[in-house]
Structures are given as C-alpha cells and as structure tokens.
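Please keep the sequence and the model in view while reading.

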Amino acid sequence: TLEKAQLTDRIKALLKAQDAVLVAHYYTDADLQALAEETGGCVSDSLEMARFGAASSARTLVVCGVRFMGETAKILNPEKRILMPDLRATCSLDEGCPADAFGAFCDAHPDHTVVVYANTSAEVKARSDWVVTSSIALPIVAYLAEQGHKVLWAPDKHLGHYVQRMTGADMLLWDGACVVHEEFKSFALERVRKLHPEAAVLVHPESPDDVVDQADVVGSTTQLIKAVVEMPNREFIVATDAGIFWKMHQLAPGKTLIPAPTAGEGATCESCAHCPWMAMNALQNLEQVLLKGDQEILIDPALGRRALVPIRRMLDFAH
Ligand code: 13P
Ligand code: SF4
C-alpha cells in the first residue's frame with residue numbers, strides 16, 4: 001500500500017541520517033526482513049546476526065528480534081548504540097533461567113564446564129564458560145567432550161538433550177523450553193508425513209525429542225533454509241517459527257513448504273507457530289525508535305566485559 005511505502009521510505013531516510021543498519025532475525029515480520037536486506041543490513045540466524053553486528057562499521061545497530069539478540073550486539077559492540085523496536089521482546093528460555101538460580105546451579109556443580117545457549121541474559125552469559133547458538137552447539141560440545149569436560153547446559157532442555165544424544169557428552173541439563181517450538185506435536189506430524197510421503201522434514205532443535213526424531217535435517221534457522229535450497233525434494237515439512245517461510249520462498253520459489261502442526265488431529269496448523277516476542281517487531285515501532293531513540297539496550301560495562309569472554313570463545317571457535 002501507499003501508506004506502507006511511505007513508512008518504509010521514512011525509515012530508510014532515518015537509517016541513513018543516523019548511520020544505522022538493521023539486523024533482523026528470520027522470525028520477524030517479512031516487511032522488516034525485506035527492508036533490512038534492501039538497506040544493507042542483514043537477515044539471519046542468531047550467530048550470523050552477532051557476527052554481522054561485530055563486523056559492521058555503522059554507529060547504530062537496530063536489532064529486530066528478541067532482547068538477547070540486542071544484548072549480544074551491545075556486549076560485542078559497547079561503543080555502538082543498539083536500538084530495538086520494543087525492548088519488551090523477551091524469550092521464554094531467557095525468562096526461565098534467572099541469573100541467581102542459575103548461579104546456584106553452577107555453584108553446586110563446580111567440576112562442570114558451563115555452556116549456555118545464546119537465548120539468555122547478559123548475567124547468565126557472564127557466569128558461563130561458553131555461549132553457543134543452535135548452529136554451533138554440536139561442534140562445541142563435541143569438542144568439550146573430547147577434551148574430557150563434563151558440561152552443565154542451560155537453558156533449553158530439548159536442544160540440550162539433542163546435543164547430548166548426538167555427542168555422547170556427559171551433560172547436566174537446566175529445565176527450560178521454548179514455548180513456540182514446544183507446541184509441535186509428534187502424533188500430528190506423523191499424520192502430516194503420511195499425507196506427504198515425499199516431503200523432507202526440517203526441525204529446529206528447540207523442538208521436543210519425538211519431533212526431532214522424525215527429522216531429516218535438524219538445524220538452526222540458517223541451516224534449515226539451506227536445506228530447502230540444496231535438497232532435491234519438492235516438498236518440505238517445517239517445524240519452526242513461520243517467519244522463516246519468507247526467506248525459504250524467496251530462495252526456493254518452486255518448492256512447497258508445509259508448516260508442521262502445532263495441534264489438531266493431523267491437520268497442518270491453522271494458526272502457525274509464531275513467537276509472540278518476535279511479533280513485537282514491526283515497521284511502525286521501528287520508525288518510532290528511530291525518531292525517539294528510546295528502547296536502547298544498555299549494559300553495565302563490567303558485566304558486558306565478563307559476558308564477552310564466552311561469546312568471543314564461540315566466535316573464535318567457528319573460525
Ligand atoms: P537460530 O539461532 O536458529 O536463529 O535460533 C534462534 C531462536 O531463538 C530460535 O527460536
Ligand atoms: Fe525464544 Fe522460542 Fe521465541 Fe526463539 S522462538 S525467541 S527460543 S521464545
């Protein structure tokens with residue numbers, strides 16, 4: 001619409017005037033992903049978002065995603081201004097792992113190497129030895145297991161259990177889950193697979209074990225998109241947030257994408273899986289934050305320096 005075109009034009013002008021770039025996650029609104037791409041920003045998984053921000057020369061990063069992504073950007077780039085359309089965009093994994101209880105868990109197991117998922121607060125990261133994202137959790141934990149480390153893992157028990165099964169590592173798991181991926185139902189997925197026997201099944205590892213067990217590919221958002229592009233199948237059943245379909249359609253327009261069911265007797269989902277906090281990012285509040293400069297991520301510098309150590313370890317490991 002004309003209104004939307006005018007809004008995006010105003011945002012583009014604001015980005016330019018403020019030397020700002022957009023760093024967007026695949027689960028955000030398609031309009032935001034398209035705008036990020038068009039204006040020299042990035043659209044990616046959480047690991048690549050962190051990398052892009054650290055490599056960018058822009059003075060301001062506007063992180064369209066959830067709060068831990070903005071915090072990681074600030075920890076990596078304390079000199080930059082980090083804005084988000086809405087700072088209330090949290091994550092059930094982050095919420096389910098308060099720093100004090102987590103600290104007590106670590107204190108109770110001092111012989112364990114502490115590995116935390118990126119979906120955590122700066123305080124929790126600061127207490128860890130390693131930060132990982134879904135795209136790099138397996139090789140890092142495999143490496144630690146090889147070195148003889150016992151691993152204390154938080155907060156996602158499903159991802160943790162998947163990593164444990166794949167690597168054979170000795171792991172203690174925190175009891176957290178993603179409210180979005182936890183909704184995928186294995187019995188309903190089995191029905192959908194019977195209806196589409198040729199379809200490849202793509203699953204984000206935050207999903208429950210019995211859903212992961214049915215996957216042809218388990219991986220981060222970037223890895224699942226890559227699978228749609230590279231696998232010869234014409235049909236894919238996709239168990240992750242529906243925001244990912246925009247990029248999948250863009251890169252593989254001829255392929256059929258079927259959302260994995262979150263409920264119902266075998267029907268594909270009527271209301272697809274979609275993270276309520278990712279959905280708090282929109283063109284309207286993006287314009288507002290560029291105008292007002294509120295919704296800025298601020299992190300105590302000493303805390304940021306502690307949290308940087310395990311994040312840097314992850315980024316260095318990958319190279
Ligand atoms: P990715 O790192 O795979 O993009 O996952 C982030 C996330 O929050 C998934 O729910
Ligand atoms: Fe957190 Fe799940 Fe939302 Fe990802 S989809 S941000 S893990 S609540």
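Asp 19 sits in the loop that joins H1 to S1; helices (H or I, at least four residues) and strands (E, at least two) are DSSP runs, numbered from the N terminus. This is a predicted model, in which local features need pLDDT of at least 70, side-chain atom pairs count only at pLDDT 80 or more, and totals for chains, interfaces and linings use all residues. Residues are numbered from 1 along each chain as its sequence is written, while chains are lettered from A and ligands numbered from 1 in the order in which they are written.

Asp 19 has a phi near 50 degrees, which is positive although the residue is not glycine. Asp 19 is exposed, as 12 other C-beta atoms lie within 10 Å. The terms are these: a residue is buried if 20 or more other C-beta atoms lie within 10 Å of its own, exposed if 12 or fewer, and partly exposed in between, with C-beta atoms placed from the backbone. Gln 18 belongs to the loop between helix H1 (2-17) and strand S1 (20-25). Gln 18 is partly exposed, because 17 other C-beta atoms lie within 10 Å. Apart from neighbours within four places in sequence, Gln 18 is in contact with Thr 60 and Leu 290, contact meaning that the C-beta atoms of two residues, placed from the backbone, lie within 7 Å. From Gln 18 to Ala 273 there are 255 residues in sequence and 35 Å in space, C-alpha to C-alpha.

A positive phi also occurs at Gln 295, where the value is near 55 degrees in a residue other than glycine. Gln 295 lies in the loop between helix H14 (283-292) and H15, and counts as buried because it has 20 C-beta neighbours inside 10 Å. Another backbone feature is the cis peptide bond from Ala 154 to Pro 155, with omega near -10 degrees. Pro 155 is in the loop between strand S7 (151-154) and helix H9 (157-167).

Next come the helices. Helix H4 (residues 67-76) packs with helix H15 (residues 301-317) at an angle of about 100 degrees, their axes 9 Å apart. H4 is therefore roughly perpendicular to H15, a term for angles of 65 to 115 degrees. Thr 72, Lys 74, Ile 75 and Leu 76 of H4 meet Gly 304, Ala 307, Leu 308 and Ile 311 of H15. In helix H12 (residues 221-230), the buried residues include Thr 221, Leu 224 and Val 228. The buried residues of H12 pack against several elements, among them strand S2 (42-44), helix H3 (46-55) and strand S11 (235-239).

What surrounds the ligands? Around ligand 2 there are 14 residues, the closest being Cys 91, Ser 92, Cys 178, Val 180 and Cys 275; a residue is counted if its C-beta atom, placed from the backbone, lies within 6 Å of the molecule. The residues around ligand 1 include Asp 45, Asn 119, Cys 178, Glu 206 and Thr 221.

Overall, the protein has 15 helices and 12 strands. Of its 319 residues, 50% count as buried. The C-alpha trace spans about 50 × 50 × 30 Å along its principal axes. Among contacts with a separation of 6 or more, 64% are between residues 24 or more positions apart.

Key:
Axes are lines fitted to C-alpha atoms, for helices over the stretch in contact, and angles run from 0 to 180 degrees between N-to-C directions. Angles under 35 degrees count as roughly parallel, over 145 as roughly antiparallel, 65 to 115 as roughly perpendicular and the rest as oblique.
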